Amino acid sequence: QEQQEQQVTVLLHKPMGYVSGQAEDGHEPAMVLFQARNQWSGDTTRIRFSPAQFKGLAPAGRLDIDSVGLLVMTQDGRVARQLIGEDADMEKEYLVRVQYGRLPAGEVQTDVQALFPPEQLARLCHGLALDGQALKPAKVDWQNPEQLRFVLREGKKRQIRRMCELVGLTVVGLKRVRIGRVKLGQLPVGQWRYLAAGEVF
């Protein structure tokens with residue numbers, strides 16, 4: 001139990017251009033940002049950074065290279081199972097900026113919501129399939145005229161981008177803001193903090 005209590009879980013605000021897992025195609029893994037100098041000054045845990053924390057530290061879930069937001073890295077197998085195990089059923093929340101239809105180069109839509117058919121929004125929530133499999137129901141609603149909020153309970157590769165393509169939307173920005181009960185909150189991009197003792201997904 002003492003050993004488990006020493007295992008750390010790290011919450012990182014992943015910037016664009018970093019891969020969540022192993023280095024690939026010349027792109028650095030987000031793990032390289034786990035350094036003392038990138039620890040958020042707002043971290044209240046009092047856990048001291050130590051190179052020993054790299055041992056067994058692995059991302060629990062993925063976030064595309066061109067997406068930003070909350071990425072969890074953990075040494076704790078219990079946390080990993082909760083987030084990415086076979087029975088994982090954890091809500092993940094994303095803010096997604098979109099454009100609708102084909103636009104002339106350089107043109108930006110300011111009110112996508114007004115142009116986007118409500119029945120297509122209903123399809124995003126329930127009624128799409130990827131790779132020949134029906135997707136679990138999702139919660140999708142407008143946050144503002146250019147941004148949708150997605151809440152998913154599964155994580156197929158590039159799922160949100162592919163869902164949007166099926167209904168004629170193009171994703172221009174994607175940010176994960178919550179996993180279970182743990183929120184990205186005020187954590188600055190490129191910085192990280194430890195999961196506090198009282199925090200649970």
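Visitor: In which loop is D25 found?

Guide: D25 is found in the loop between β1 (9-14) and β2 (58-59). This is a predicted model: local features need pLDDT of at least 70, side-chain atom pairs count only at pLDDT 80 or more, and totals for chains, interfaces and linings use all residues. Residues are numbered from 1 along each chain as its sequence is written, and side-chain values use heavy atoms, leaving out hydrogens and water.

Visitor: What is phi of D25?

Guide: Phi of D25 is near 50°, a positive value in a residue other than glycine.

Visitor: Is D25 buried or exposed?

Guide: Start with the cut-offs. Buried means under 20% relative accessible area, exposed over 50%, and partly exposed in between (1.4 Å probe, protein chains only). D25 has a relative accessible area of 72%, so D25 is exposed.

Visitor: Where is D131 found, and what is its phi?

Guide: D131 is found in the loop between β5 and β6 (133-134). Phi of D131 is near 55°, a positive value in a residue other than glycine. At 60% relative accessibility, D131 counts as exposed.

Visitor: How many helices and strands does the protein have?

Guide: Helices (H or I, at least four residues) and strands (E, at least two) are DSSP runs, numbered from the N terminus. The protein has 5 helices and 11 strands. Its radius of gyration is 18 Å, close to the 17 Å that the globule rule gives for 201 residues, so the protein is as compact as a globular protein of that length. That radius is taken over C-alpha atoms, and the rule is 2.2 Å times the number of residues to the power 0.38.

Visitor: Which residues of helix α5 are buried?

Guide: In α5 (residues 159-166), the buried ones are Q159, I160, R161, M163 and C164. They pack against β4 (92-100), α4 (118-125), β5 (129-130), β8 (147-152) and β9 (169-179). Contact means heavy atoms within 4.5 Å.

Visitor: What comes just after α5?

Guide: There, G168 takes a positive phi of about 85°.

Visitor: What share of contacts joins residues at least 24 apart?

Guide: Take contacts between residues at least 6 apart in sequence. Of these, 67% join residues at least 24 apart.

Visitor: What does the C-alpha trace span?

Guide: Along its principal axes, the trace spans about 55 × 35 × 30 Å.
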